[in-house]
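These are notes for a colleague who is opening this structure for the first time. Each numbered point takes up one part of it.

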Amino acid sequence: MEKVDVRGLSCPMPVIRTKKAIDQGAKELLVVGSSSVSRENVNKLAASCGYQVNLIKNEESNWEMELKK
Amino acid sequence: MDRTKWFMLVTGLAIGAIAVILVKLGNPPNMGFCIACFERDIAGAIGLHRADVVQYMRPEIIGMVLGAMFTSLFAGEFKSRGGSATFVRFIMGVFMMIGALVFLGCPLRDVLRMAGGDYNAVVGFIGFIFGVGTGVFFLKRGFNLGRAEYSHSQAGAYVLPVIMAFFFFLLLKGTIFNPQAGGPLFFSAKGPGSMFAPLAFSLAAGLLVGFLAQRTRLCLSGGIRDFLLIQDNTLLLGFIGIFIGALLLNIYFGFFKPGFAPQPVAHPQHIWNFLGLYLVGMTATLLGGCPLRQLILSGEGDTDAASVVVGMIVGAAVCHNFAIAAGAMKAAAAGAPAVAGGPGIYGQIACVVGIVVIALLGFMFKEE
């Protein structure tokens with residue numbers, strides 16, 4: 001599974017990085033990030049692109065999200 | 001429309017309405033809330049510049065930082081972080097203020113000016129869209145100022161809020177340390193700096209807007225950016241809400257006066273209105289948020305954003321000390337000739353230099 005690391009990136013870089021991987025046709029993605037704003041934004045983007053979002057880790061300053069199509 | 005979008009729209013409506021109410025209560029016209037103007041007034045209040053018409057310790061700014069701090073503390077989002085090209089961000093803050101003071105307002109005031117019927121603000125808005133578009137171009141190319149790190153200590157997160165609380169203490173106390181030179185706080189006797197709503201209302205408005213903007217992540221450059229980048233209109237709804245909220249109350253109070261000139265604290269030099277907000281739009285997009293968003297982030301513990309805020313305050317001092325800030329257009333009055341308004345030659349040079357510098361940063365901070 002391809003991994004996208006968006007930890008510590010300011011807006012809108014987390015979304016751009018994830019979108020890039022999506023546009024390259026990734027069926028399965030693991031996105032790791034730190035801020036709750038980036039978690040919300042990546043979640044929104046993935047849902048709007050038709051991915052199933054599974055939040056596998058949601059700690060303070062540390063989240064991991066599995067995206068599947 | 002989902003819940004988030006409704007909340008965003010309602011937040012916008014509330015902020016627009018609050019801004020006009022602050023004007024009704026005494027703030028300068030079409031300037032119920034302006035992050036750039038108020039940070040400039042704070043720079044004057046602490047004597048960093050001596051432009052005697054724009055000096056006041058604005059409680060709105062203090063309230064927004066503290067409001068964002070309290071809200072993020074309750075939401076578990078208050079975290080000390082930073083280290084993403086901090087000094088570069090500081091300098092970008094300086095240039096963002098130069099752009100704002102060539103136009104005479106931040107993106108928030110641009111919306112409020114449009115809602116007051118100021119057509120010059122529409123010219124600025126077009127510049128802002130192009131500026132954000134240029135920023136998006138750099139972002140797509142791989143622009144990145146680097147990752148921020150979460151700190152092992154929360155101490156850093158409190159630095160700017162504590163400074164703001166100290167400023168508020170000075171405002172309440174009113175002590176003069178240095179009777180010959182004045183200060184620590186300077187107060188305008190005339191001009192926009194002498195116009196302010198009662199302290200309690202200004203502070204309450206700041207706290208409330210700080211709360212709303214923290215929860216919704218409201219960002220004016222982000223509104224245009226997300227629309228251009230991923231066709232998402234959530235943040236844009238906040239923008240539209242502010243416009244409608246302010247427009248309705250402006251009409252109700254009789255503040256709505258459509259036209260190019262003369263508009264309050266504004267000038268009709270189209271090219272500089274365009275380029276001023278072009279510079280702000282491009283810089284804000286590369287920084288990840290408009291002046292309002294930077295203020296909110298600084299309340300949440302983002303020390304990089306706090307550097308942008310301080311950069312903007314220093315930038316305001318630079319603008320007024322070096323005659324870079326634009327003058328407002330004024331009609332002739334008894335004993336005073338008409339003033340054309342607009343930036344002088346130094347303001348024009350600084351604005352163009354700013355665009356070149358930020359574009360160079362945009363090119364050079366490309367990540368492979």
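1. In chain B, helix α1 (residues 3-24) packs against α10(B) at an angle of about 35°, and the two axes are 6 Å apart. α1(B) passes α10(B) in a right-handed crossing. The residues of this contact divide into 19 nonpolar, 9 polar and 2 charged. The model is a predicted one, and the values here are to be read with that in mind.

2. Helix α5 (residues 107-115) of chain B meets helix α10 (residues 234-253) of chain B at an angle of about 40°, with 8 Å between the axes. The two helices are therefore oblique to each other. The crossing of α5(B) over α10(B) is right-handed.

3. Which residues make the contact of α5(B) with α10(B)? From α5(B) come B:Val111, B:Leu112, B:Met114 and B:Ala115. From α10(B) come B:Phe239, B:Ile242, B:Phe243, B:Ala246, B:Leu247 and B:Asn250. By class, this contact has 9 nonpolar residues, 1 polar residue and no charged residues.

4. The loop between α10 and α11 (270-287) of chain B holds B:Pro268. Is B:Pro268 buried or partly exposed? A residue needs 20 or more other C-beta atoms within 10 Å to be buried. B:Pro268 has 19 C-beta neighbours inside 10 Å, so B:Pro268 counts as partly exposed.

5. B:Pro268 also has contacts elsewhere in the chain. Leaving aside neighbours within four places in sequence, B:Pro268 is in contact with B:Asn120, B:Phe260, B:Ala261, B:Met329 and B:Gly341. The C-alpha atoms of B:Pro268 and B:Ala328 are separated by 8.9 Å, although these two residues are 60 residues apart along the chain.

6. Helix α12 (residues 291-299) of chain B is largely enclosed by the rest of the structure, because 9 of its 9 residues are buried. The buried residues of α12(B) include the charged residue B:Arg293, as well as B:Pro291, B:Leu292, B:Gln294 and B:Leu295. B:Ile296, B:Leu297, B:Ser298 and B:Gly299 of α12(B) are buried too. Just after this helix, B:Gly301 takes a positive phi of about 105°.

7. For chain B as a whole, the secondary structure comes to 14 helices and 2 strands. The C-alpha trace spans about 60 × 45 × 40 Å along its principal axes. A compact globule of 368 residues would have a radius of gyration near 21 Å, and the 19 Å of chain B agrees with this.

8. Of the 368 residues of chain B, 58% count as buried. Among contacts in chain B between residues at least 6 apart in sequence, 83% join residues at least 24 apart.

Note on methods
Residues are numbered from 1 along each chain as its sequence is written. Chains are lettered from A and ligands numbered from 1 in the order in which they are written. This is a predicted model: local features need pLDDT of at least 70, side-chain atom pairs count only at pLDDT 80 or more; totals for chains, interfaces and linings use all residues. Helices (H or I, at least four residues) and strands (E, at least two) are DSSP runs, numbered from the N terminus. The radius of gyration is taken over C-alpha atoms; the globule rule is 2.2 Å times the number of residues to the power 0.38. A residue is buried if 20 or more other C-beta atoms lie within 10 Å of its own, exposed if 12 or fewer, and partly exposed in between; C-beta atoms are placed from the backbone. Two residues are in contact if their C-beta atoms, placed from the backbone, lie within 7 Å. Axes are lines fitted to C-alpha atoms, for helices over the stretch in contact, and angles run from 0 to 180 degrees between N-to-C directions. Angles under 35 degrees count as roughly parallel, over 145 as roughly antiparallel, 65 to 115 as roughly perpendicular and the rest as oblique. A crossing is left-handed if the near helix is turned anticlockwise from the far one by less than a right angle, and right-handed if clockwise.
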